[in-house]
Amino acid sequence: MSYCVFCGKDLRKGGDFVKNTDGALLCKSCVSTASDIFVRKDTSVKGSLKAGDQPNKVNLKQIVRDYSPKKIFDALSEYVIGQETAKKVISLAVYNHYKILSMIDDSDVEFEKSNILLLGPTGSGKTLLARTLSKILRVPFAIGDCTSFTEAGYVGDDVENVLLTLLIDANYEVEEAQKGIVYLDEIDKKTKTSGNVSISRDVSGEGVQQSFLKLIEGTVANVPLAGGRKNPTSQQVVKMDTRHILFICGGAFVGLERIIAKRTRKGAFIGFNNDPQPIDKADYSLFHRAEAEDFMEYGFIPEFIGRLPVKVALNGLGKKEFKRILSEPKNAIVRQYAKLCELDGCELVFEECGLDRIVDIALEKKIGARGLRAVFERILRNDMFMLRENNRKQIVMTAEYVDRQMAHQEEDFMRELREAAGKAADKTSEPLSEKAMALEASAQKDAA
Ligand SMILES: Nc1ncnc2c1ncn2[C@@H]1O[C@H](COP(=O)(O)OP(=O)(O)O)[C@@H](O)[C@H]1O
Ligand SMILES: [Mg+2]
C-alpha cells in the first residue's frame, strides 16, 4: 500500500508520511490537519462548556420526536412577530428535512432537499427566522454574507468559508456540522450582470451562483481551516459533505416587484383605463407571487433557483407589528432595557404614548424593525450613562421624554460636529465638510 489512508494521496510521488505496524500510511498534511483540529476542538470546547457538560450532539430522531411543524411554528412565534405564512412554510420544510435525515438509512425513497429562499424587505425578520430556527432545534448554524463571496480567482472569500463557520459552531465535529443549517444572506447581490440592467451587479455573480449550486445541491467540499482563500499548497483543508445541510437563502430583492408586476399585468385585461400605474413605492405584497421566471429575469441562473424549491415572502412590517416587536418576543427590547435599569435600581416605566413615538421614529428610518433597537439605545443613552451617579429610581418613558431625549441627542451631535469642524480648521486645510460627513457617517453607523 502506498496511499495515505486519510486523503488517498499517492505517496510514491513523494512526501513525508508515518506508517503503523500494519503498513497503513498517513501523510504529513493529514497528521498536521488532525492535530490542528484536536487543538482547536480542545480550546473551543473548554471555552464554551461548563464542567460536566456534554458537547451538543445533533439528535435527529429526537428533533422529529419532540417537534411537529406546528410546534416549530409556535416556538418560532416566541421570537418572530407576524410573518405567519413564512413561519408556517419554514416549519413544515424544516420538519420534513429532519424527518428525512432521521430515516435516510432505512429508506429507499430518494428525497430532494427542501432548501428555502426567503424574500422580503430589510429588517423584516429573515435572519431572525433562520437564527431562531437553529436555536430551537439546537443544530449547528452559520450565516454567510454573500457580498463577501467571490468566484475562485477573484479577490474575496471562497464560498466554502461559510462551512468553516458551521464547523466551528459544531465544535469541529464534522459529522455534526453536516446536519446543520446554513443561512446565506444577501443572495440577491449575486445575480449575473446581463439579466437586468437597472441595478448594478457584481461581475462575478454568475460564477458565485455556480459555486453555491454545488454546495447547496450536495458536494464534498474542501473547507480551508484558516479561512480566506483556498491555497492548495500550504493550507489545511477538511472535507465536508454538504448533502444533508439545509440551506436557507435570504435577500431583499429590491426591484423584483417591478418584474413581477410587469409579468402579472401582461394580458391581465384589455380595455380602457388599463395604463400601468407607475410603482413609486415598493409593493412587497407582489413578492408572494414571485415565480422562477421572475428570478431568472432578476439575474439568477435557472439551476440555482431550481435548487431552492421552497420560496416564501416576508411582509414589510408596519406600525402594529413594530409595537408588538417592542414588547412581545421572549427577548423583547422593552424587557431587556427594563432589566438593565432594574439591575441599577431604577424602574423603567413605559407609557403607551412613549412606545408609539418610538415606533414612529423607527418607521421613519426605513430599515425595518432593526431600527427599533437603535432608537431605544439613543433615547436611553444619556440617562443610562449617569444612572448610577444620579441614583435615579424611576424613568417614565412618555412621548415627551422620547422627544426630549431625541432632541438632546441632536444637540450633542451638533456640538460634536462643531467641535470636530473647529479642530479640523485649526489643524489642516482639508475641507470641513469632509470631516463633518465622516463624523455623521460614523454616527449613523452607530445608530443603525
Ligand atoms: N418579525 C419580527 N419579529 C420580531 N423582531 C423582528 C422581526 N423582524 C425584525 N425584527 C428585529 O429586527 C432585527 C433585524 O431583523 P433581521 O431578521 O436581521 O432582518 P432581515 O430581514 O434584514 O434579515 C432583529 O434582530 C429583530 O430584533
Ligand atoms: Mg438579514
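A residue counts as buried if 20 or more other C-beta atoms lie within 10 Å of its own, as exposed if 12 or fewer do, and as partly exposed in between, with C-beta atoms placed from the backbone. The model is predicted: local features need pLDDT of at least 70, side-chain atom pairs count only at pLDDT 80 or more, and totals for chains, interfaces and linings use all residues. Residues are numbered from 1 along each chain as its sequence is written, while chains are lettered from A and ligands numbered from 1 in the order in which they are written.

**View 1. V89 in helix α4.** V89 belongs to helix α4, residues 84-102; helices (H or I, at least four residues) and strands (E, at least two) are DSSP runs numbered from the N terminus. V89 has 20 C-beta neighbours inside 10 Å and so counts as buried. Leaving aside neighbours within four places in sequence, V89 is in contact with V310 and V312, contact meaning that the C-beta atoms, placed from the backbone, lie within 7 Å. V89 and K311 are 222 residues apart in sequence, but their C-alpha atoms are 8.6 Å apart in space.

**View 2. The largest nonpolar core.** A nonpolar core is a set of buried Ala, Val, Leu, Ile, Met, Phe, Trp, Tyr and Cys residues joined through C-beta atoms within 7 Å. The largest one has 95 residues, of which L118 and L167 touch the most other members. Helix α4 gives the most to this core, with eight residues. At least three residues come from each of domain 2 (60-268 + 275-313) and domain 3 (319-447); the domain bounds come from an automatic or database domain assignment. Not counting residues up to four places away in sequence, L118 touches A86, K126, L129, I248, C249, G250, V312 and L314.

**View 3. The surroundings of ligand 1.** The shell around ligand 1 holds 18 residues, and the closest are G125, K126, T127, L128 and A369; a residue is near a molecule if its C-beta atom, placed from the backbone, lies within 6 Å of it. By class, the shell has six nonpolar, ten polar and two charged residues. Here Ala, Val, Leu, Ile, Met, Phe, Trp, Tyr, Cys and Pro count as nonpolar, Asp, Glu, Lys and Arg as charged, and the others, Gly among them, as polar. Ligand 1 lies between domain 2 and domain 3, because both give residues to its shell.

**View 4. Helix α5.** This helix, residues 126-137, gives the most to the shell around ligand 1, with three residues. Nine of the twelve residues of α5 are buried, so the helix is largely enclosed by the rest of the structure. Among the buried ones are K126, L128, L129 and A130. At 1.5 Å a residue, α5 should span 16 Å, and its end C-alpha atoms are 17 Å apart, which agrees; the expected span is 1.5 Å times one less than the number of residues. After α5 comes R138, whose phi is positive, near 55°.

**View 5. Two loop residues with positive phi.** N171 sits in the loop between α6 (161-169) and α7 (174-177). Its phi is near 55°, a positive value in a residue other than glycine. N171 has 19 C-beta neighbours inside 10 Å and so counts as partly exposed. F253 lies in the loop between β8 (246-251) and α9 (256-265), and its phi is near 45°. F253 is buried, with 25 other C-beta atoms within 10 Å.

Notes. Contact = placed C-beta atoms within 7 Å.
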